[in-house]
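Welcome, and please take a look at the chain shown below.

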Amino acid sequence: MQMIKKKAMTLVEILICFAILSVVLGIIIIMMSRGATNVKRGSFNALAANQAFWIVSVIRSDISRSIGDIEAELDGENTWNGDTEFKVNIEGGTAYYSLEKNGNKMTFVRKFVPSSSGTAFVVSDSKRQTFGDEYLSDMTIKLNDDNSYLISITMDDTSKSSSGIHNFTWTSSIYPPVNNGLNEYWVSTLSN
C-alpha cells in the first residue's frame, strides 16, 4: 500500500500571503482616498467657479446697462473692496453693491432700488440679492486706466478635510458702454 503524502501550507507561507495581501490592500485604500480628495476638490472648483461666474455676470449686466453713471468710493489704488459704496445707475433704478462679512467668509450683496420717474419698467419694491455666501473670502473691483473694471474674486474651502484649504481665484475685466461717434450721429439726427 502506497502512502499519499498530503501537501499543506506552512505557517511561513501563510504569513507571506498575509503580508502581500496587506500591502495590496494598503495601496488600494491610498488610491481610493486620493480619488475621493480629487473628487471633493473638483466639486469645490465647480461650485466656486459657478458662484464667481454669477457675481461677475450680475456686475457685467449692470455695467453694460448703465446710463453713464457709475459711482464708487475707491481707495488710493483705485480699488473697491466692499468697505465703501459702489453704485451703478441703470434704466429703472440704481444697483448698490456691498460685501457683508460673516466670520472669515463674505457675501456679495446687490440691492436694486427702482426709480419712479422716466422708466419703462414697473416700479416695485427694492430687491436684494446675495451671492457667494458659501465660499467667498475676498473680492475687489479695480478701476483701470482705460476705464475698465478688473474684478478679482477669491473663494476658499476651509472644510475639515485633512487636505487643508482649497483656493480658487477668478478675475474678469468689464468695459462700460462708450458713446461712439455713430451713436452721437444718430441721436443728433433723430432729435432734429
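How many bridges join strand S2 to strand S7? Two bridges do so, and the strands, S2 at residues 79–80 and S7 at residues 136–143, run antiparallel. Strands pair here if DSSP finds at least two bridges between them. Within this pairing, Trp80 stands opposite Ile141 in S7.

A word on the basis of these notes: this is a predicted model, local features need pLDDT of at least 70, side-chain atom pairs count only at pLDDT 80 or more, and totals for chains, interfaces and linings use all residues. Residues are numbered from 1 along each chain as its sequence is written, and side-chain values use heavy atoms, with hydrogens and water left out.

**The chain as a whole**

The secondary structure comes to two helices and nine strands, in the order α-β-β-β-β-β-β-β-β-β-α along the sequence. Helices (H or I, at least four residues) and strands (E, at least two) are DSSP runs, numbered from the N terminus. Of the 192 residues in the chain, 27% are buried; buried means under 20% relative accessible area, exposed over 50% and partly exposed in between, with a 1.4 Å probe and protein chains only. Among contacts (heavy atoms within 4.5 Å) with a separation of 6 or more, 45% come from residues 24 or more positions apart.

**The S7–S8 hairpin**

S7 also pairs with strand S8 (residues 149–157), in the antiparallel sense and over seven bridges. Leu143 stands opposite Tyr149 in S8. The two strands form a hairpin with five residues between them, and Asn147 in the turn has a positive phi of about 65°.

**Aromatic rings**

A pair of aromatic rings is described by the distance of the centres and the angle of the planes. Rings of Phe, Tyr and Trp (its six-membered ring) pair if their centres lie within 6.5 Å; planes under 30 degrees apart count as stacked, over 60 as edge-to-face and the rest as tilted.

| Pair | Centre to centre | Angle between planes | Class |
|---|---|---|---|
| Phe86 and Tyr149 | 6.1 Å | 70° | edge-to-face |
| Tyr97 and Phe108 | 5.4 Å | 45° | tilted |

Tyr97 lies in strand S4 (residues 93–102) and Phe108 in strand S5, so their pair ties together parts that are eleven residues apart in sequence. Tyr97 has a relative accessible area of 3% and is therefore buried; Phe108, at 0%, is buried as well. Ring pairs link Trp80, Phe86, Tyr97, Phe108, Phe131 and Tyr149 into a cluster.

**Two residues up close**

Is Thr107 buried or exposed? Thr107 is buried because its relative accessible area is 12%. This residue is found in strand S5 (residues 105–114). Not counting residues up to four places away in sequence, Thr107 touches Ser98, Leu99, Glu100, Thr130, Phe131, Asp133 and Leu136.

Ile174 is found in strand S9 (residues 166–174) and is buried, with a relative accessible area of 2%. Its C-alpha atom is separated by 6.5 Å from that of Leu150, 24 residues apart along the chain. Beyond residues up to four places away in sequence, Ile174 touches Val56, Ile59, Arg60, Ile63, Ser148, Tyr149 and Ile151.
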